[in-house]
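Walk through this structure with me, one region at a time. The cut-offs come along as they are needed.

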Amino acid sequence: MTRYPRFLKTHRPTTIVLAAGLFSALIALASSGVAGPDAGLPLSSAEFVAQGGAGSGVEGTPHPAATASDLPGGEVKKEHPTATSASVPNTSRRPNIVFILADDLGYGELGCYGQEKIKTPRLDRMAEEGMRFTCHYAGFTVCSPSRCALMTGLHMGHASVKGNGGALKKEDVTVAMLLKEAGYKTCMIGKWGLVGRPGHPGSPNSKGFDHWFGYDNQGFAHFYYPEFLWRNDQKVLYPENHNLRTDDGQYVADVDKKGSYAHDEFTTEALGWIRENKDRPFFLYLPYTIPHAELTVPRDSLEPYLKLGWPETPKLIDKGNNGGGGYGSQYKRGYCAQSHPNATYAGMITRMDRDIGRILDLLDELGLGENTLVIFSSDNGPSPEGGQDVEFFDSNGPLSGGKRSMQEGGIRVPMIARWPGKIEPGTVSDHPSAFWDFLPTACDLAGIETPGNIDGISYLPELLGKSDAQKKHEYFYWIWAVRAGKWKLHPGGPNKFRLYDLEKDIAEKHDLSGEFPEVVERISKYFEKAKQ
Ligand SMILES: [Ca+2]
Ligand SMILES: [Ca+2]
């Protein structure tokens with residue numbers, strides 16, 4: 001009884017033996033370096049690599065492609081909750097939760113955050129209909145640890161993944177596990193960013209998701225025309241994506257409408273899953289891969305930007321990767337070449353924006369809008385890795401630094417929340433919050449107790465306009481930076497630490513460590529306290 005037409009594609013069972021362990025290791029090593037101007041290293045790099053580790057190399061047995069979804073039907077309950085306190089009471093219909101994550105989207109890359117070149121009309125409208133946070137922080141400055149914090153409610157002092165390529169541990173409790181236990185249907189679509197192929201104890205299915213579809217692996221998710229994705233324990237093949245590039249390394253797909261663009265597959269899956277589960281409380285986690293790294297987008301999204309005649313520095317063919325044959329032809333060749341990286345980058349973000357609009361429209365069409373909290377955010381700051389010009393776009397807005405930096409540009413990210421009837425439209429919140437706050441927020445929404453051993457604080461009071469009741473963090477911690485109140489402290493510099501007043505100096509230009517040694521003394525203790 002499938003209702004997902006795309007799933008009916010009959011792919012032949014694959015007999016490819018994956019040989020991705022080495023590639024995972026290379027990717028993990030290549031991308032785990034948080035080296036930047038801020039490398040002060042309270043955690044030794046050996047410890048860091050050990051924590052981050054390389055991919056486990058656990059491979060699922062190749063499976064025949066999925067032929068049908070067996071998601072059952074369910075009872076119809078349409079009553080809306082009547083939330084009056086921070087914790088949503090136990091009503092007959094608890095709110096749905098949709099968390100949409102962009103990958104490496106900068107603080108300044110949405111219109112509602114000041115972006116002037118890239119068009120994001122739907123996210124801008126979402127902010128007008130809901131609440132826009134100006135002081136929300138990612139879990140870390142790169143993918144895997146950031147996602148670990150989001151899933152587990154733990155900051156980097158306690159999280160089990162502190163570097164790219166790490167896997168959740170058996171004992172890690174995720175927000176999906178808690179919501180599933182509370183009766184929610186749970187789904188993850190997109191980039192897990194944490195090692196975990198089918199059967200792995202850290203896989204999405206093992207960590208509370210009833211249904212998942214997407215990339216199981218960090219390195220694999222660097223490419224937009226994959227030769228396979230996973231749907232639960234089944235491998236979904238895309239033979240049309242094989243050898244889709246020209247000799248100069250550009251994708252022919254974008255021009256000729258060949259191939260299956262992974263982002264589009266994710267949106268189709270998400271829309272289908274929402275329809276299938278509209279009659280019960282659900283949690284959809286949708287970590288898109290846009291605008292991360294490889295720059296390529298179908299022609300219809302590129303065209304409007306090509307017309308603008310922006311300056312472009314073509315990205316040439318990559319040097320490629322050794323190994324990784326199991327991931328298909330693209331891996332050996334590395335990122336695609338791109339003649340128009342800036343136009344492509346903007347086109348990718350606008351495509352994602354369009355598709356988020358489709359998801360919001362579907363929720364409204366199904367009458368679920370007022371019973372669904374939708375959150376949009378990004379997992380870390382912007383990166384020029386794919387070839388676009390981050391200065392041209394002013395991707396970090398008023399902040400300094402980007403991905404892999406501990407400056408605000410690496411970790412402060414957009415966050416927009418929409419919940420018609422509950423969140424006051426058009427509000428802007430400067431409540432300092434972070435990825436590890438999502439788990440307790442979700443627990444409050446579901447009316448269940450938040451586990452005691454986490455670092456997060458629910459931001460539900462703030463969402464509901466009860467700022468007076470909103471608890472604040474004593475401090476925020478990201479291994480190489482701490483924030484407490486208005487102060488941000490980085491290790492390194494002439495006085496052993498660098499201290500910035502974020503209220504007056506959001507760009508972290510004026511080191512005040514010499515002027516306020518007592519503040520340095522007080523806040524530096526959090527580097528140790530966070531690990532206790
Ligand atoms: Ca990322
Ligand atoms: Ca800037």
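Helices here are DSSP runs of H or I with at least four residues, strands are runs of E with at least two, and both are numbered from the N terminus. The model is predicted: local features need pLDDT of at least 70, side-chain atom pairs count only at pLDDT 80 or more, and totals for chains, interfaces and linings use all residues. Residues are numbered from 1 along each chain as its sequence is written, while chains are lettered from A and ligands numbered from 1 in the order in which they are written.

Start at tyrosine 184. This residue sits in the loop between α5 (175-181) and β3 (185-191). Is tyrosine 184 buried or exposed? A residue is buried if 20 or more other C-beta atoms lie within 10 Å of its own, exposed if 12 or fewer, and partly exposed in between, with C-beta atoms placed from the backbone. Tyrosine 184 has 26 other C-beta atoms within 10 Å, so it is buried. Contact means that two C-beta atoms, placed from the backbone, lie within 7 Å. Setting aside residues up to four places away in sequence, tyrosine 184 touches Leu179, Pro281, Phe282, Phe283 and Ala446. Asparagine 96 lies 88 residues from tyrosine 184 in sequence, yet their C-alpha atoms are 8.3 Å apart.

Now turn to strand pairing. Two strands pair if DSSP finds at least two bridges between them. Strand β1 (residues 96-102) pairs with β8 in the parallel sense over 7 bridges. In that pairing, phenylalanine 99 stands opposite isoleucine 375 of β8. Strand β9 (residues 412-418) runs antiparallel to β8, and 4 bridges join them. There, isoleucine 375 stands opposite alanine 417.

How many of the residues of β8 are buried? In β8 (residues 372-378), 7 of 7 are. In a regular strand, side chains alternate between the two faces of the sheet. Both faces of β8 are covered: one side holds Thr372, Val374, Phe376 and Ser378, the other Leu373, Ile375 and Ser377, all buried.

Helix α10 (residues 341-365) comes next. It has 25 residues and reaches 36 Å from its first C-alpha to its last. That is close to the expected 36 Å, a span defined as 1.5 Å times one less than the number of residues. Of its 25 residues, 18 are buried. Threonine 350 belongs to α10 and counts as buried because it has 23 C-beta neighbours inside 10 Å. Beyond its neighbours within four places in sequence, threonine 350 contacts Ile118, Lys119, Thr120 and Ser301. After α10 comes glycine 367, with a positive phi near 75°.

Helix α3 (residues 121-129) packs against α10 at about 50°, with the axes 7 Å apart. Axes are lines fitted to C-alpha atoms, for helices over the stretch in contact, and angles run from 0 to 180 degrees between N-to-C directions. Angles under 35 degrees count as roughly parallel, over 145 as roughly antiparallel, 65 to 115 as roughly perpendicular and the rest as oblique. The two helices α3 and α10 are therefore oblique to each other. Pro121, Arg122, Leu123 and Met126 of α3 meet Asp353, Arg354, Ile356, Gly357 and Leu360 of α10.

Finish with the open sheet. Its 4 strands follow the order β12-β13-β14-β15, with antiparallel pairing. The edge strands, β12 (476-477) and β15 (497-501), each pair on one side only. Helix α15 (residues 517-524) packs on this sheet and touches β13, β14 and β15.
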